Structures are given as structure tokens and as C-alpha cells.
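Thanks for coming. I will go through one model, with the sequence and the coordinates on the screen.

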Amino acid sequence: MRIKEVIVVEGKDDTVAIKRAVNADTIETNGSAIGEDVIERIRLAQATRGVIILTDPDYPGERIRKIVAEKVPGCKHAFLPKEEAIAKRKKGLGIEHATPEAIRRALQDVKEEMKEYVSEITWEDIVDAGLTGGEKASDRRMRLGKILKIGHTNGKQLFKRIQMFQISKEAFAEAMSQVLQEEKK
């Protein structure tokens with residue numbers, strides 16, 4: 001599987017994992033203190049080939065994703081579920097621990113960022129679905145993020161991603177129905 005876009009990852013071990021899974025070029029941010037030289041390389045890659053951001057499913061990874069997306073608009077996003085990024089001995093979380101198959105799945109489900117958008121889904125829909133404020137909210141957001149392939153987030157970030165990736169009301173309702181069915185089991 002050859003990837004046209006350049007994949008932004010956090011470090012060398014992530015690059016090794018990506019190259020085991022697909023034929024692709026990467027840019028490493030070397031953590032969340034992303035230098036201006038790295039941002040410039042990402043801008044150049046975006047202008048010439050396009051960029052896919054694939055960071056660890058944790059707080060630092062989300063922070064890096066947010067920084068890159070703000071400084072380099074129009075990036076694509078790939079998300080790896082937490083359970084597919086846990087080290088074999090449960091000591092560590094990251095892209096470097098994912099199987100080649102999990103990485104390929106994440107890259108096949110890339111989401112494109114839309115700057116100008118009108119969402120069909122309102123904040124009230126998020127609240128009514130029990131995705132904020134309740135004791136089941138975090139678990140529901142985690143499962144919804146996995147189904148929609150947009151990652152696990154807090155309530156406000158979920159709303160933003162639903163808008164950013166133009167999730168339709170129909171897709172949202174279908175995914176929520178699946179979340180609620182899983183809850184009953």
C-alpha cells in the first residue's frame with residue numbers, strides 16, 4: 001500500500017511502525033515542542049503532496065495534532081483507537097505499538113478537515129445523546145469516536161470534530177444507535 005501524502009508522526013519509532021505497514025514518507029515532530037523548521041517542512045509537504053496527521057491517541061498526541069492543524073490548514077487526519085496502540089506488556093501507548101494492520105485501517109479511514117462548514121448536528125444533539133455531563137458520557141464518546149473513526153475526545157472537541165469532518169446527522173444517529181445497542185449488552 002503506497003501513501004501519496006506525507007504522514008506526520010511524533011517520533012522515529014512511529015516512522016518505523018508506519019514503514020512496516022505501508023510505503024510512505026513521514027515527518028517527525030519529535031514531541032509537542034514543534035519547531036518552526038518542522039512546521040515549514042509540513043507546510044511544504046501539504047503544498048506539494050498533502051499531509052496526514054497520525055499521532056498517538058493520548059493528550060500529547062492530540063496536542064500535536066491541534067498545533068499542526070492550526071499552523072497548516074487542510075491536513076487530513078487518521079486516528080488509531082487507544083486499544084490498538086497499547087504496548088504488548090501494557091507499558092506504553094503509541095503508534096509504535098500498533099500492528100501494521102491497525103495502521104493500514106487507520107490510514108484507509110482518513111478524514112479530511114473542512115474549514116468552511118455548516119453542521120447538521122447541534123450542541124443540543126450532543127447533549128441529548130448523553131455525550132456530555134453524565135456518568136456514561138466518556139464511555140459513549142469513546143465508542144462513538146471509534147465508530148465514526150474520529151478518535152476519543154472530550155465533549156467540546158467531539159462537537160468540533162463532528163463539524164470539521166462533516167459527519168452527517170444520519171451517520172451520527174446510526175453511530176449513536178450502535179453505541180446504545182452496545183450499552184444494553
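T153 is buried, at a relative accessible area of 8%. Buried here means under 20% relative accessible area, exposed means over 50%, and partly exposed is in between, with a 1.4 Å probe and protein chains only. T153 sits in the loop between α6 (137-148) and α7 (155-164). Helices (H or I, at least four residues) and strands (E, at least two) are DSSP runs, numbered from the N terminus. The side chain of T153 reaches the backbone nitrogen of L158 at 3.1 Å. Not counting residues up to four places away in sequence, T153 touches R141, L158 and R161, where contact means heavy atoms within 4.5 Å.

Some housekeeping. This is a predicted model, in which local features need pLDDT of at least 70 and side-chain atom pairs count only at pLDDT 80 or more, while totals for chains, interfaces and linings use all residues. Residues are numbered from 1 along each chain as its sequence is written, and side-chain values use heavy atoms, with hydrogens and water left out. pLDDT is the predictor's confidence in each residue, from 0 to 100. The protein averages 91, and 97% of the residues score at least 70. Confidence is lowest in strand β5 (residues 111-112), at a mean of 84, and highest in β3, at 97.

Next, helix α4. Which residues of α4 (residues 100-108) are buried? They are A102, I103, A106 and L107. Seen down the axis of α4, they fall within an arc of 135°, so they line one face of the helix; the arc is that of the directions from the helix axis to the C-beta atoms. Their cover includes β1 (6-9), α1 (12-21) and β3 (51-53).

That leads to the cores. A nonpolar core is a set of buried Ala, Val, Leu, Ile, Met, Phe, Trp, Tyr and Cys residues joined through side-chain atoms within 4.5 Å. The largest one has 19 residues, and those with the most contacts inside it are I7, I18, L54, I103 and L107. β1, α1 and α4 are the elements that give it two or more residues, and the largest share, four residues, comes from α4. L107 touches M1, I3, I7, V22, I52, L54 and A78, leaving out residues up to four places away in sequence. A second, separate core has 18 residues, among them I121, I126, L131 and I162.

E5, in the segment before β1, is buried at 11% relative accessible area. Its side chain makes a polar contact with the side chain of K76 at 2.7 Å. A polar contact is a pair of N or O atoms within 3.5 Å; within protein, one must be able to donate a hydrogen and the other to accept it, and residues adjacent in sequence count only if both atoms are side-chain atoms.

Last, the rings. How many aromatic pairs does the structure hold? Two. Rings of Phe, Tyr and Trp (its six-membered ring) pair if their centres lie within 6.5 Å; planes under 30 degrees apart count as stacked, over 60 as edge-to-face and the rest as tilted. F79 and F165 are edge-to-face, 6.0 Å centre to centre with 80° between the planes. F79 lies in the loop between β4 (76-77) and α4 and F165 in the loop between α7 and α8 (169-184), so the pair ties together parts 86 residues apart in sequence. W123 and F159 are also edge-to-face, at 5.6 Å and 75°.
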